[in-house]
There are 2 protein chains.
Amino acid sequence: MRKGVANDPQRKDKIARAALDLLAEGGLRAVTHRTIASRAGVPLGSVTYYYATLDDVFVAAFELMQQEIDARFDLPAAPTQAVARAQIVDSICGSSRASAREVVLYREMYAYGSRSERVAELVRRFEQRWIASLTTHFPEPAARALDALMEGWTIHQSWNPGRLDADMVARAVDALADAYTAEADTAQRAKAAAERPTTTGANHR
Amino acid sequence: MRKGVANDPQRKDKIARAALDLLAEGGLRAVTHRTIASRAGVPLGSVTYYYATLDDVFVAAFELMQQEIDARFDLPAAPTQAVARAQIVDSICGSSRASAREVVLYREMYAYGSRSERVAELVRRFEQRWIASLTTHFPEPAARALDALMEGWTIHQSWNPGRLDADMVARAVDALADAYTAEADTAQRAKAAAERPTTTGANHR
């Protein structure tokens, strides 16, 4: 530990939060050790003490952001699958959907993840956590499909003003949630059978 | 037109392509008028002649990228909806899926779109074009849901090595494509009826 810099977890978080603010406002280009120190109101030495590289700050900052997002959702705690479905719909187009700031930060995280293996690893970990949380209610392929739908719709909505229609979203969520059940298998077989030519042997050439 | 700089559309494209290369390799921070000129092998004055601002170059570069992606897909030309569905599956996890370079460029475009109203407008236009192309085969809500699924899965896949299972993807595509049909309405009503308490009047309080 360097002289004169106390190991203060609150200060460490404060610095990561300042980095998030700068990222949200001006993007990667706006973030340096110096601008972070100024924004956090701490000495430059304090920033470099806790975070030797900007990569370190970004990793801490994105982890902080993800904690805030996670705090809004607790899918495993949903008592029934129906409640879990409603939570998913709400996370896409309802009150718990991503804020404008979060969307901007996600875009920055993804762009930076192309350049930083550690941030790419973080993104993978966030995704795995989401899928694990979805699999407490849905079969794994449905969890993967729902996860993709949530991501895609959140992104698309972020470019367009106005909310998506909740009924439209609910139907898509229901369709994916039900797509990998035994019932879906039966329905698919029935459909395939219906589409098959009725004259036996017609396809046996 | 300035002296000594011919209006040459090929050179204009060449400059935009050089900007794309730099963006893919080093991100926004790697792109300046100077690095573009050097990469394209043209005089600096030529870059500033065709593109007064970096914003102008980025808009042209992302348009070029989108043209290349569009050239791989022609959903409206698909003879049947089944063929269109197969093309969608292929665009998510098959041979026509986004390349690693395209994914990196998309991430840059999105991040930069937070800072540039013109690039944000471009992203909106790309999305509207995709949805319009999907609506040649699917009802509009299905087109929107499929568009979100394609986007989300493309992004998630980009962080993880290995391909998604095509059967899993096909089931999700089928589920969304069928989610807004009259049949889906009937099925939903039947399901709702099945879940309703059987004792008539039980809910009439």
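In this predicted model, the two copies meet through the same surface, because 100% of the interface residues of chain B are also interface residues in chain A.

How are the two chains related to each other? Two copies of a chain are related by a rotation about an axis and a shift along it.

Let us now turn to chain A by itself. Chain A holds 10 helices and 0 strands. Of its 205 residues, 47% count as buried. Among contacts in chain A with a separation of 6 or more, 67% join residues 24 or more positions apart.

I shall close with one pair of helices. Two packed helices are described by the angle between their axes and the distance between the axes. In chain A, helix H4 spans residues 54–70 and helix H7 spans residues 117–134. Their axes come within 10 Å and cross at roughly 15 degrees. Angles under 35 degrees count as roughly parallel, and H4(A) and H7(A) are therefore roughly parallel to each other. The crossing of H4(A) and H7(A) is right-handed. Residues making the contact include A:Val59, A:Phe62 and A:Gln66 of H4(A), together with A:Leu122, A:Phe126 and A:Trp130 of H7(A).

Technical notes: Residues are numbered from 1 along each chain as its sequence is written. Chains are lettered from A and ligands numbered from 1 in the order in which they are written. This is a predicted model: local features need pLDDT of at least 70, side-chain atom pairs count only at pLDDT 80 or more; totals for chains, interfaces and linings use all residues. Side-chain values use heavy atoms; hydrogens and water are left out. Contact means heavy atoms within 4.5 Å. Helices (H or I, at least four residues) and strands (E, at least two) are DSSP runs, numbered from the N terminus. Buried means under 20% relative accessible area, exposed over 50%, partly exposed in between (1.4 Å probe, protein chains only). Axes are lines fitted to C-alpha atoms, for helices over the stretch in contact, and angles run from 0 to 180 degrees between N-to-C directions. Angles under 35 degrees count as roughly parallel, over 145 as roughly antiparallel, 65 to 115 as roughly perpendicular and the rest as oblique. A crossing is left-handed if the near helix is turned anticlockwise from the far one by less than a right angle, and right-handed if clockwise.
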